[in-house]
Amino acid sequence: METDTLLGESVNAAPQDYGSHPGRPVAGPDGAPGRRRPSYSVAGGGSCRVESGAGDDDLYVQQAVVFIEDAIQYRSINHRVDASSLCLYRWYYSRICQWGLGLTIAALLLLAFVERPSSLSVSSDGRHRSPPWEPPCGFTESIEMVCLLIFCLDLAVKSYLIGWDEFRKGKWLIGYTVVLSFSIIDWVLSVSMVCDERLRVRRLLRPFFLLQNSTLMKKTLKCIKRTLPEIASVILLLALHLCLFTMIGMLLFAKTDDPKRNGEWELHFRDLPQSLTSLLVLLTTANNPDVMIPAYSLNRGYAVFFVTFSVIGTYCLMNLLTAIIYNQFRGYLLMSVQTSIIRRRLGIRAAFQVLGCRGAQHSTEDEQVGVDAVLEAMSRVQMKTYCRAAITTEVQRYADVGHMDREQFRKIFDELDKDRIKEHPPLPQYNSPVLQRLQMIFSHYYLTILGNAVALANVMCICTVLVLNSEKSTAERDNFLLEIINLCFILYYVFEMCVKIFAFGWRGYLSYRNNIFDGFLTVLLLGLQILIYATYRLPHAHWDPSSHLMSLWEMIRLVNMLIVFRFLRIIPDIKLMALVASTLLDLVKNLRAFAGILVVVYYVFAVFGIWLFEGAIKPPPEMSVISNTTMENITSNFSMECGTYEQLSYWSNNFDDFAASLILLYNVMIVNNWQAFMEAYSRYTSDWAKVYFVCWWLTSSVMWVNLFVALILENFIYRWDRSHSCSVTDVERIRYETSLQLIFKEQIQEPTEEELTCQLHQHPHLHLH
């Protein structure tokens, strides 16, 4: 299960004594005598004594299967190992069950878009926004209760499988219980108030369900928590730098008797909060050079103050902060990955132990497992097909000997970390010399180069026509020429697809990922062309598309989009581009935990933003001419100064619903004009609103984005080092296994046999003497 207690204990801890004795039934951890269980002795060299029943052979294999699956997924092995519990355990971690749990978490999180204030409107701008659909009381509450009941079932299954002793050690499981209980209580209060409560505290707790369901997210969060002290020291230095230059700035730009020389004081250094805010925003370069223009216009020497502040703060301290965040986090992440490797090695060692005990009934050899037992276990393990085939092949190498020792058993699972090399099917055989000659021509790499050149020419034609028609409305455009051009190119694409299928065969053609992408878009384009001709007949110079439901321009625009998208087929044929693209795909697949925590942070800040600022800014009614006197009648906080929230018409960026809050937080994270949001909400509410925006900027832009960029670099460097000597064809064939465990593999220290044996002794359900 997903508990870190196993890996947090010292390997030198004494083994637990359950009072078992060879030759007697072994009691469970709660002291109940129960059914017979396997009993092992691993002391010293490790002879194995077995209390066996009729069905123990199959139980040993089941235990080995589960331990191997735990090792593959880096899961803890501290769970029940009796037959019924193993069946429940495998069901719980089955794909359908885990997908169902993931969909439940997603459904609960997505309720925020439907709940009041609802995000179900076309626009978030209050001037154009129609009244959103508000669900009736009990609609979202019913969905939420179903989700909470599923989580209760999830908690009950987890608690049963690991046992009460392990449950008490798991802080995340205790937190899971507390959050679930509080959510149910808050739900009951909400229903009793007929959904009229303003604050739903349980909305703030929903991201916890996402965190606790991912081991890697929990490890990442723990690493971030340990990194905070180092981050705090640099932020303190940054704050000192900011305060120092704020005081210097207030002295330099103090108010004078000459109103013409007070521009800098009036706009940016009127008081301490405004001065701090101006320089903090300058730290992000969002208001540069606006912040220095009033002073610089009077004396160019004032530029020294602002340049010095930016060089020290933005280019030195901020980059130093990024380096410290990455370096410290990488160290803690390496420690976390180390525990994952221990989990894998321990799972493999436990599988060897139980299979060895099964073989001990039929053999006098110690520390060995039978090849037949390993093959039987591997046939039941849920894993990738190519990994199973590779491991089975390695096991069969020992078929003549009939058994494997501990080191041989461990080494066969090194296949889990190896890259998958995809073999393409052989080319079809043709008897005719002419067909053989055509097959050689159409399977040549030059045909792909020609296809890329034709695709480039098609995109350039579309671009040329769009430039020529850029000033014309859709009704004025002559779509006849563009349709004829597209028709010619699409016919070539169909021809290219057909000859490749002829040369490689169906299976060979579909074995290339770029062919699947290319062929799918080609078939889609051909279908759209047939639809256009069925709708508008054959092309001619006087098409009149106005009488049809979907205009010709809309159909051609869709065709053009697909053609431009199809041009991405060149990526696999350029090594560096293929490497970058595969790195991005790996980030989506393997670094989901980091993006998941970013989602959690977005969710929490969005909920807080709605609580604090919902309805704080009311947009004015639509007017053709807006005057300051008119705006003063609307609100005393309104400002039409250049660069303000109102002057920039940022009305759609608000905290009036959950979706709008996410977009506003994203805009602040980008730090482009983020001072406009901070200044407007502090003006409409209070100056304390700046604390919220500064905290979000520190969390998202300073820490998390920099950390995410650093991990992207780590992932790319890892792949580049492994593939710099490969050809384009090799890059296409090799499916690199990229994970955090493999990225840090060179720095990971393998656990010793003594450490693994001691960990096995401490297993609460696998009884060892």
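I note that the model is predicted.

Overall make-up. I find 29 helices and four strands in the protein. Of its 769 residues, 48% are buried. I then took the contacts between residues at least 6 apart in sequence; 76% of these join residues at least 24 apart.

Helix pair. I looked at helix α7, residues 201-212, against helix α22, residues 592-613. Their axes lie 9 Å apart, and the packing angle is about 180 degrees. Angles over 145 degrees count as roughly antiparallel, and α7 and α22 are therefore roughly antiparallel to each other. On the α7 side the contact includes Val 201, Leu 204, Pro 207 and Leu 211; on the α22 side I list, among them, Ile 597, Val 600, Tyr 603 and Trp 611. Sorted by class, the α7 contact with α22 has 14 nonpolar, one polar and two charged residues.

Cores. I looked up the largest nonpolar core next and count 99 residues in it. Phe 151, Trp 674, Phe 693 and Trp 697 have the most contacts inside this core. Helix α22 gives the most to it, with 12 residues.

I followed one of these residues further. Leaving out residues up to four places away in sequence, Trp 697 touches Leu 280, Leu 283, Thr 284, Met 318, Val 671, Trp 674 and Val 702.

I also find a second, separate core of 36 residues. Val 371, Val 381, Ile 391 and Tyr 398 are among its members.

Key
Residues numbered from 1 in each chain as written. Predicted model: local features only at pLDDT ≥ 70, side-chain atom pairs only at ≥ 80, totals over all residues. Heavy atoms only, no water. Helix = DSSP H or I, 4+ residues; strand = E, 2+ residues; numbered from the N terminus. Buried < 20%, exposed > 50% of the residue type's maximum accessible area, 1.4 Å probe, protein only. Contact = heavy atoms within 4.5 Å. Axes fitted to C-alpha atoms, helices over the stretch in contact; angles between N-to-C directions. Parallel < 35°, antiparallel > 145°, perpendicular 65-115°, else oblique. Nonpolar A, V, L, I, M, F, W, Y, C, P; charged D, E, K, R; others polar. Core = buried A, V, L, I, M, F, W, Y, C linked by side-chain atoms within 4.5 Å.
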